[in-house]
Amino acid sequence: MKKETGANALQSHIKSHMDLYFLAFIVGIFSGVIAVAYRVSLAYAEIFRRGVYTYARENFGIGVFLGLCAGGLVISLILGWIVVKIPMVKGSGIPQVKGIIARQMNFNWARELGAKFFGGVLAIVAGMSLGREGPSVQLGAEVGSGIFKLFKRKEYDKKYLITCGASAGLSAAFGAPIAGTVFAIEELHKFMSPLLVTCVLIASVSAEFVSKNFFGFAPSFNVQVEGFYQLKYYLLIAGLAIIITFIGKLFSDGILYFQKLYKNIMINPIIKPVIVVAITIVMGIFFFDVTGGGHGLAERIMHESFSYKVLITLLVLKFVFTLICYATGIPGGIFLPMLVIGAIVGKIYGMVVGNFFELPPNYETYFVILGMATLLTTVVKSPLTGTVLILEMTGSFYCFFPVVTACMVTFLASELIGIKPIYDLLLENMLPKKDEIGGNDQNKVLVKVPVGPDSKFDNVYIKDIKWPGRCIVVDIERGDKYLTPTRDTLIQSGDLLVILMNEETANKVTPTLIEMGEGA
């Protein structure tokens with residue numbers, strides 16, 4: 001890649017973005033293909049695993065047990081090798097994508113794409129309680145990184161193409177193109193610009209076209225909700241939201257605790273997954289419904305009747321088993337397991353209040369859907385993504401106002417008790433120390449920083465800002481206008497600062513600049 005100077009970097013920035021839109025389309029198509037292939041592979045892995053454990057339960061004996069142990073040993077060693085040798089594929093992949101966008105990490109896209117795909121499928125074959133959404137997001141982001149390198153784009157375009165791939169991956173994973181777009185804005189970037197929205201929307205819709213050609217137009221969850229939720233029962237939504245908030249706090253803290261616990265196991269890291277795979281084999285034999293991502297279990301929760309005893313058992317086992325599985329760092333996400341946990345809590349709550357208040361039968365399904373949306377909102381701290389994702393996955397817009405209400409109550413409650421976004425916490429645990437971050441100090445790059453209300457940039461002159469490192473503001477996007485700044489330019493809320501610096505400085509100070517630009 002050619003080195004950028006201030007002049008050609010600025011010229012590249014202000015020219016037409018039509019070529020970037022075209023690349024967003026290409027990223028969307030290829031991300032959709034990869035995400036669909038991943039989703040199909042996971043489906044076959046689920047079928048294979050179900051067949052194996054059905055046979056094992058019906059023909060259990062020493063030979064079958066030894067066969068399961070031998071298969072589990074091979075799978076665990078392969079997964080351990082992948083995690084140790086290619087650490088960028090650990091876990092869900094969403095923290096890594098956030099790190100790339102903030103210039104704190106970098107992709108080796110071809111190698112990591114293959115390892116993430118294979119490792120994620122193998123984890124489901126083993127029966128780990130992990131989902132497809134996080135890996136799909138990273139797979140898409142890896143595609144975006146690959147397109148960026150293959151087309152030899154300027155550094156400025158990198159985060160757009162990676163974000164396009166991430167949103168396309170989520171879109172194809174769950175059949176939710178609008179949720180993919182909102183996710184890119186709310187979770188990955190935390191700001192909105194016309195260029196960003198257009199690019200990710202093109203990519204998400206393109207990926208969804210690919211997905212619809214394979215899976216049809218049916219929503220991810222087969223659920224029917226008839227009749228509107230009555231206003232007189234809205235206090236019950238607040239009750240569920242508060243309960244879910246504390247469960248979400250326990251889940252977030254549990255992830256970090258189990259990661260620390262697993263890290264402190266003093267054995268060869270390649271061998272470590274054997275412990276969890278052994279637990280998985282036991283769960284597969286005696287509690288099969290708890291294994292895997294749990295999509296089928298979530299649908300059963302919606303449509304079938306369960307006793308309180310069974311639901312509480314499923315809740316405890318799914319909750320703890322998910323924490324154990326995610327602690328290993330084996331490729332797999334927590335979106336889908338969280339949705340299942342939220343569905344179980346909602347089911348229990350719906351049964352309790354339904355009996356007490358003599359609610360219509362369809363209200364139980366409402367609470368299942370609200371449980372999924374609110375737990376996702378609590379842990380990820382993205383209420384818009386949680387709302388839109390659940391609506392698109394269920395295809396039920398009867399739920400719109402109840403879901404919006406539940407998510408906002410949950411978000412406010414989570415703010416009050418100090419829950420932090422889980423992917424931000426996971427990213428912090430993965431990052432190297434600042435003095436270990438490198439970069440080419442001869443290569444000039446552009447970084448965009450949004451200005452929020454009451455931030456350290458808002459209503460401040462450029463000359464009065466204490467910039468972290470050597471930074472030059474070369475452009476300001478204000479609405480649909482491009483301003484050429486001077487030392488006496490007054491920065492305003494809603495501006496998008498385009499800052500030129502060398503690569504090493506950018507890698508170190510970009511998170512600080514973004515933090516300075518965030519509002520109070």
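Strand 6 has side chains pointing to both of its sides: L496, V498, L500 and N502 face one way, L497, I499 and M501 face the other way, and all are buried. Buried here means under 20% relative accessible area, while exposed means over 50% and partly exposed covers the range in between (1.4 Å probe, protein chains only). The strand spans residues 496-502 and is mostly covered, with 7 of its 7 residues buried. Helices (H or I, at least four residues) and strands (E, at least two) are DSSP runs, numbered from the N terminus.

A word on what you are looking at: this is a predicted model, in which local features need pLDDT of at least 70, side-chain atom pairs count only at pLDDT 80 or more, and totals for chains, interfaces and linings use all residues. Residues are numbered from 1 along each chain as its sequence is written, and side-chain values use heavy atoms, with hydrogens and water left out.

Which order do the strands of the open sheet follow? The 4 strands are arranged as 1-6-3-4, with antiparallel pairing. Two strands pair if DSSP finds at least two bridges between them. Strand 1 and strand 4 (481-483) are the edge strands, each pairing on one side only. On average, neighbouring strands of this sheet are turned by 25° against each other, direction ignored.

Strand 6 has strand 1 (residues 444-450) as an antiparallel partner, joined to it by 7 bridges. In this pairing you can find V449 opposite L497 of strand 6. Strand 3 (residues 472-478) also pairs with strand 6 in the antiparallel sense, over 5 bridges. From strand 3, I472 stands opposite L500, and I476 stands opposite L497.

Helix 19 (residues 503-517) lies across strand 1 and strand 6, and runs at about 155° to strand 6. For such angles, axes are lines fitted to C-alpha atoms, for helices over the stretch in contact, and values run from 0 to 180 degrees between N-to-C directions.

## Two helices side by side

Now to a pair of helices. The axes of helix 8 (residues 177-189) and helix 16 (residues 383-394) come within 8 Å and cross at roughly 170°. The two helices are therefore roughly antiparallel to each other; that term applies over 145 degrees, with roughly parallel under 35, roughly perpendicular from 65 to 115, and oblique for the rest.

Where they meet, helix 8 brings P177, I178, A179, V182, F183 and E186, and helix 16 brings P383, L384, T385, V388, L389 and E392. Contact means heavy atoms within 4.5 Å. By class, this contact has 9 nonpolar, 1 polar and 2 charged residues. Ala, Val, Leu, Ile, Met, Phe, Trp, Tyr, Cys and Pro count as nonpolar, Asp, Glu, Lys and Arg as charged, and the others, Gly among them, as polar.

## A cysteine in helix 17

C407 sits in helix 17 (residues 400-416). Is C407 buried or exposed? C407 is buried, with a relative accessible area of 0%. Leaving aside neighbours within four places in sequence, C407 is in contact with A373, T374, T377, P383, G386 and T387. The C-alpha atoms of C407 and A45 are separated by 33 Å, and these residues are 362 apart along the chain.

## Salt bridges

How many salt bridges does the structure hold? There are 14. A salt bridge is a side-chain nitrogen of Lys or Arg within 4 Å of a carboxyl oxygen of Asp or Glu. Here are some of them:

| Pair | Closest N to O distance |
|---|---|
| R153 and D19 | 3.0 Å |
| K381 and E415 | 2.7 Å |

R153 forms its salt bridge with D19. R153 lies in the loop between helix 6 (133-150) and helix 7 (158-174) and D19 in helix 2 (residues 18-58), so the pair ties together parts that are 134 residues apart in sequence. R153 counts as buried at 14% relative accessibility, whereas D19 is partly exposed at 27%.

R300 belongs to helix 12 (residues 295-303) and D289 to the loop between helix 11 (273-286) and helix 12, so parts 11 residues apart in sequence are tied together. R300 is partly exposed at 28%, and D289 is partly exposed at 29%.

K381 forms a salt bridge with E415. K381 lies in the loop between helix 15 (362-380) and helix 16 and E415 in helix 17, so the pair ties together parts 34 residues apart in sequence. K381 is buried at 11%, while E415 is partly exposed at 47%. Finally, salt bridges that share partners join D19, R153 and D157 into one network.
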